[in-house]
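Work through the exercises below with the sequence and the model open. Each task is followed by a solution in steps.

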Amino acid sequence: LQTHSLSLSLQAKMSRPVQARRLEGIDKNIWVEFVKLAATYSKVNLGQGFPDFPAPDFLTEAFTRALSGGNHMLHQYTRGFGHPPLVKVLAQFFEKLLGRDLDPMTNVMVTVGAYQALFCCFQAFVDEGDEVIIIEPFFDCYEPMVKMAGGTPVFVPLRPNPPKDGKLMSSADWQLDPAELASKFSERTKAIVLNSPNNPLGKVFSRGELGLIAELCVKHDVLCISDEVYEWLVYDGKQHIRMASLQGMWDRTVIIGSAGKTFSVTGWKVGWAVGPDRLLQHLRTVHQNSVYHCATIAQEAVAQGFQREVMLYGKPESYFVQLPKELQQKRDWLVQSLDGVGMKPIVPEGTYFLVADISQFKSDVPDVPNSDEPYDYRFAKWMVKNKGLAAIPLSAFYSEAHKNNYTNFIRFCFAKEEATLKAANDILQKWKLEKTSS
């Protein structure tokens, strides 16, 4: 009997493959590796995109009120597609921004961060064989999410045009080639992903650039998934233009936003999608069959934050006016620090991030024989282990085919406290002294 049960238990081990085909080739993730490295070695982490300064008082107070106030129903489920006070105020706010009437129940959906809004878009719209155009460099989840939905990502790079006068390059100097972009559209193209302001470059797409994309979307009847999580974080008087406000684009665009980036609370994971009901109805189907529901209390607090911002819209005391001013100052400090040591920063027009050229540091980083790892990966790993400063290699934001063209850059996050940026500057200055003395 024992022998019989032993042979059964041996047979009971699964030999058939368990992994779904949709996961093939997308199991590696830059953040898993670099977050671990930063946690192990870094004294200063300018890698991941989150602020280390406090969230605004008005928002944390709203959260505390929601948590400890008299409304015990805030501890229970709310409406699955978005807490009514939040979708109402988002509709009110986006009506101002887009100049059109919105129905909070059909034109707005709340998601578990912008990340889940993106996932809903790809699952709702992309079929086997559909092509999705992605502008490089891109936030790294776009490619695996397209592939998981059965689609084929088609990449078109922003190409750098360095200024001739020896000035620092700006993110505006990275541009699309109109003919190259047009050549990527075909009858198989289902959607284009637009990320403006762009992570990792900090590029804010101009009206002309957006107009070109809009024209091609209308001509080829293509959807636009518009990732606008950094919409309030634009600098130097630049203006964020919303794709859905352009002619012919409301009907084919889903706008994606994030309370994490808007109110500096990335751990709350409250995001949203705004668009026409004919598109959002399909996102709702994915949402109700995946997460179904987002944290009620976090939605309540974000709703109160927006209610305050609706009243202060455009006024100096608005958080959406104050935060970019603070971040622009932080950006300028980091630009100076990096430029001072010979890492040439590309000055971003928006976002939390700036990219720096590290080609002058090749002699610092030892070669690894037989390694096919790009230089920026080796540099970022060497820098965190030897200098205690964490950043992210830029080639992580490129497709396999184009990675090797962009290995001389790394991405830093400047949405940090003054003390953090000062500590980063100290590391860089010490490094510079070591270089000159050797």
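## Exercise 1: A buried lysine

Leaving aside residues up to four places away in sequence, K403 touches S395, A396 and Y398. The model is a predicted one.

Task: Locate K403 and find which side chain of opposite charge is nearest.

Solution. 
1. K403 sits in the loop that runs between β14 (392–393) and β15 (409–413).
2. K403 is buried, and the nearest side chain of opposite charge is that of E400, 4.4 Å away.
3. A salt bridge requires a side-chain nitrogen of Lys or Arg within 4 Å of a carboxyl oxygen of Asp or Glu. K403 has no salt bridge.
4. The side chain of K403 does reach the backbone oxygen of S395, at 3.1 Å.

## Exercise 2: A second residue of that loop

Task: Decide whether T407 is buried or exposed, and list its contacts beyond four places in sequence.

Solution. 
1. T407 is placed in the loop between β14 and β15.
2. The relative accessibility of T407 is 14%. Buried means under 20%, so T407 counts as buried.
3. With residues up to four places away in sequence set aside, T407 touches P374, Y375, D376 and S395.

## Exercise 3: The seven-stranded sheet

Task: Find the order of the seven strands in the other open sheet, then describe how β8 is covered and paired.

Solution. 
1. The order is β2-β10-β9-β8-β7-β3-β4, with mixed pairing.
2. β2 (108–112) and β4 (152–157) are the edge strands; each has a single partner strand, so one side of each lacks a neighbour in the sheet.
3. From one strand to the next, the twist averages 25°.
4. Helix α10 (residues 277–288) packs on the sheet, touching β2, β8, β9 and β10 (270–274). Its direction makes about 30° with that of β2.
5. β7 and β8 run parallel and are joined by five bridges. Within this pair, N195 has D227 as its bridge partner in β8.
6. β8 also runs parallel to β9 (residues 253–258), through four bridges. Here the bridge partner of C224 is T253 in β9.
7. In a regular strand, side chains alternate between the two faces of the sheet.
8. In β8, L223, I225 and D227 lie on one side, and C224 and S226 on the other. These residues are all buried, so both faces of β8 are covered.

## Exercise 4: Backbone exceptions

Solution. 
1. P137 belongs to the loop between β3 (131–136) and α6 (142–148).
2. P197 is in the loop between β7 (189–195) and α8 (207–220).
3. T351 lies between β11 (344–346) and β12 (353–357), in a loop.

## Exercise 5: A contact across the sequence

Task: Work out how many residues separate F50 and K416 in sequence, and what their C-alpha distance is.

Solution. 
1. F50 is in the loop between β1 (44–45) and α3 (57–68).
2. F50 and K416 are 366 residues apart in sequence, but 7.9 Å apart in space, C-alpha to C-alpha.
3. Not counting residues up to four places away in sequence, F50 touches T266, Y352, C413, A415 and K416.
4. F50 is partly exposed, with a relative accessible area of 30%.

Note on methods
Residues numbered from 1 in each chain as written. Predicted model: local features only at pLDDT ≥ 70, side-chain atom pairs only at ≥ 80, totals over all residues. Heavy atoms only, no water. Helix = DSSP H or I, 4+ residues; strand = E, 2+ residues; numbered from the N terminus. Buried < 20%, exposed > 50% of the residue type's maximum accessible area, 1.4 Å probe, protein only. Lys, Arg positive; Asp, Glu negative; His and termini not counted. Polar contact = N/O pair within 3.5 Å; in protein donor to acceptor, adjacent residues only side chain to side chain. Contact = heavy atoms within 4.5 Å. Pairing = 2+ DSSP bridges. Axes fitted to C-alpha atoms, helices over the stretch in contact; angles between N-to-C directions.
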